[in-house]
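My notes follow the order in which I checked them.

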Amino acid sequence: MALQSIGDLAQSLVLRRQGTVLARDIARLTGELASGRTADPARTLSGNLQPLADIEHALTLAGAHREVARIAAMDAEVMQTALARVEQSGGALAEAALTASGAGGAMQPGALARAAQAALSEMIGALNTGSAGRALFG
């Protein structure tokens, strides 16, 4: 087996080239280590980008679910407030009706009718509450 040697000048060029390649690899690997992300995902995944696409799809879907949950929570809060207004109006009307029928009819029937009409109007107003341009109870 013949042994081939290279000259001193050629050896210097080979070593310089290898040093450059090593410096480039160290810089790339340091960047990957610091960021936690590979510099070339296609090469790392051997050209199979489906797992990466699946992860990105799952992240997008999770973001959409988070947004929908935020909107639903906001709508539920507004609905709860509207229902509390309905309950308050109904309770006030029931109290007025019990007062009118209980202690010798202290409230006139016409006044009770006006109070009922006002309570109904307030209840309808509360149930017509919207959020972000959408009717909640409609």
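Which side chain meets that of Arg 134 in a salt bridge? I find that Asp 75 is the partner of Arg 134, with 2.8 Å from N to O. I note that this pair links distant parts of the chain, since Arg 134 lies in strand β2 (residues 134-135) and Asp 75 in helix α3, 59 residues apart.

Before going on, I record that this is a predicted model, in which local features need pLDDT of at least 70 and side-chain atom pairs count only at pLDDT 80 or more, while totals for chains, interfaces and linings use all residues. Residues are numbered from 1 along each chain as its sequence is written, and side-chain values use heavy atoms, with hydrogens and water left out.

For the terms, I take a salt bridge as a side-chain nitrogen of Lys or Arg within 4 Å of a carboxyl oxygen of Asp or Glu. Helices (H or I, at least four residues) and strands (E, at least two) are DSSP runs, numbered from the N terminus. I call a residue buried under 20% relative accessible area, exposed over 50% and partly exposed in between, with a 1.4 Å probe and protein chains only.

How many salt bridges does a search of the whole structure find? The search gives three, and I looked up the other partners in turn.

Glu 32 and Arg 28 meet through their side chains at 3.2 Å, N to O. Both sit in helix α1 (residues 8-35), and because they are four residues apart there, about one helical turn separates them. Glu 32 counts as buried at 17% relative accessibility, while Arg 28 is partly exposed at 32%.

In helix α3 (residues 50-102), Arg 70 and Glu 67 are three residues apart, so they too are separated by about one helical turn. The closest N and O atoms of this salt bridge are 2.5 Å apart. I note Arg 70 as partly exposed at 45% and Glu 67 as partly exposed at 36%.

Last, I looked at the surface, where Leu 45, Leu 49 and Leu 52 form a nonpolar patch with about 200 Å² of accessible area together. A nonpolar patch joins such side chains (Val, Leu, Ile, Met, Phe, Trp, Tyr) within 5 Å, from residues with over 30% relative accessible area and no salt bridge; the areas come from the Shrake-Rupley method with a 1.4 Å probe. Leu 49 is placed in the loop between α2 (41-44) and α3, and I record it as partly exposed at 40%.

Technical notes: Patches are made of residues with over 30% relative accessible area and no salt bridge: like charges are joined within 9 Å, nonpolar side chains (Val, Leu, Ile, Met, Phe, Trp, Tyr) within 5 Å.
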